Amino acid sequence: MRFGWSRVLAAGVFTLAATIGVARAADDYPGKPIRLLVGFPPGGPTDIIARIIGKGLAEQLGQSVIVENRGGAGGVIAARIVATSRPDGYTLLVGVESSQTRGVALNKTLPYDAEKDFTYIGKIAKQRNLLVVNPKLPVSNVKALIAYAKAHPGELNFGGTYGATSHIGGELFDLDNGVKMTFVSYPGGAQPITDLIAGTVQVGFFTEATIATQVKAGMLKPLAMAAPERSPAFPDVPTLAEAGARPMELSPWFGLAGPPGMPAAVVGRLSKALDVLAHEQAFQAQLAAIGAASIPGSTPTSFHDDVVREIAYWKKFVADAHIPIN
C-alpha cells in the first residue's frame, strides 16, 4: 500500500512539474525562433503574404519568424506537419481555405480533422478576386455575360486550378446565376491567364494581384469584383452584386493556426500580436500593394467558428454543383 501511494505521489509530482514547466514556457513565449509553414512554393501569392505576416509577427513578438515552404496538395502537406507538431507555439501554419475548409469538401479524406486537429488563432488577411473576360468576348458587363452564357450553354470556357478560387469562382457563378460554363483545368502557374489572354478560355476568376498588370494594360477586361466590397486598386469596377449578379464572397483568406492543445497563454500572445498587426497602417499598405487587405478583429473563437461554418458551406456547394471529389 505504501509503495502504491509512493507511485501516486510521484506521478502527481511529475504532473505538477510538467504543468509548471508548460506554464513557465508559455510565460516566456517566444523564447526561440518560430517556424511558419506555408503549404505552397516560394514566389506565389500565399508565400508572398506569408512573408509579410512573418515579418510583422517577428516585429510584434520580438523574435525571429522563419517562413518554411512545404508545398503540395493544396496546402495539405504543410497542414499535416503542423497538426502533428508539438503544441508549444513554435510550429505554426499559414492556414488557407484549400487546406482548412474547402479542401475538406473536395477530398474524400484528409490526413487530419480540420475542425479538431488545429488551434485556430486568427485570420489576418484576404485577397480579392476579379471576374475578367477576354476583350474580344462581346460582353461589356456582368448582365451581358450572364445573357451570353445562357444563350450559349457550355460554350464559354473558364480556366483555373482545381479547388482554387479560379475554379470555384466559375462554379459558384454558374450555380448562382443559372448558367453553365465549361471548366478547363490547369496544374497551376500562369498558363490559364496566358490562355485567357489568347482566347483559348474566355472567362476567368483570378486574384487582382495576379492579373492587375494585364487588366491595366487592356489585355483582360474586368467586369466585377467577386467580393462584398470594391478594390482601391480598381475603384471603378463594381462588385458582382452591384453589377446585377448574385453576390459572391470569393476572397481567399489567410490565417494563423497551430497544433491542437496549445497553451492558452501562447494563443493569447499570438492572437494579440495578430490583432495589433492587422490594425497597423504599414502592414495594411504592404497588403494593399499586392491586392490584399487585413482582417482586424478576428479571434481564436471566431476563426474556429468560421472554419466549422465554411466546411458545412463548401460540402453543400460541392454537392449542389456536382463537383467531382478527389
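Ala125 has Ser294 in β11 as its bridge partner, and this pair belongs to the contact between strand β4 (residues 119-127) and β11, which pair in the antiparallel sense over 3 bridges. Strands are DSSP runs of E with at least two residues, helices are runs of H or I with at least four residues, and both are numbered from the N terminus; two strands pair if DSSP finds at least two bridges between them. This is a predicted model, in which local features need pLDDT of at least 70 and side-chain atom pairs count only at pLDDT 80 or more, while totals for chains, interfaces and linings use all residues. Residues are numbered from 1 along each chain as its sequence is written, and side-chain values use heavy atoms, with hydrogens and water left out.

β4 and β11 are part of an open sheet of 6 strands with mixed pairing, in the order β2-β1-β3-β10-β4-β11. At its edges lie β2 and β11 (292-294), each of which pairs on one side only, and from one strand to the next the twist averages 30 degrees.

Across β3 (91-95), β4, β10 (253-258) and β11 lies α10, running at about 15 degrees to β4. Helix α10 (residues 264-279) also packs against helix α11 (residues 281-288) at an angle of about 70 degrees, with the axes 5 Å apart; axes are lines fitted to C-alpha atoms, for helices over the stretch in contact, and angles run from 0 to 180 degrees between N-to-C directions. The two helices α10 and α11 are therefore roughly perpendicular to each other, a term for angles of 65 to 115 degrees. Leu277, Ala278 and His279 in α10 meet Gln281, Phe283 and Gln284 in α11, where contact means heavy atoms within 4.5 Å.

As for confidence, the protein has a mean pLDDT (the predictor's confidence in each residue, from 0 to 100) of 90, and 92% of its residues reach 70 or more. Over residues 7-11, however, pLDDT stays under 50, and the model has 0 contacts beyond four places in sequence for them. Where pLDDT is low, the predicted coordinates should not be read in detail.

Definitions and conventions:
Parallel < 35°, antiparallel > 145°, perpendicular 65-115°, else oblique.
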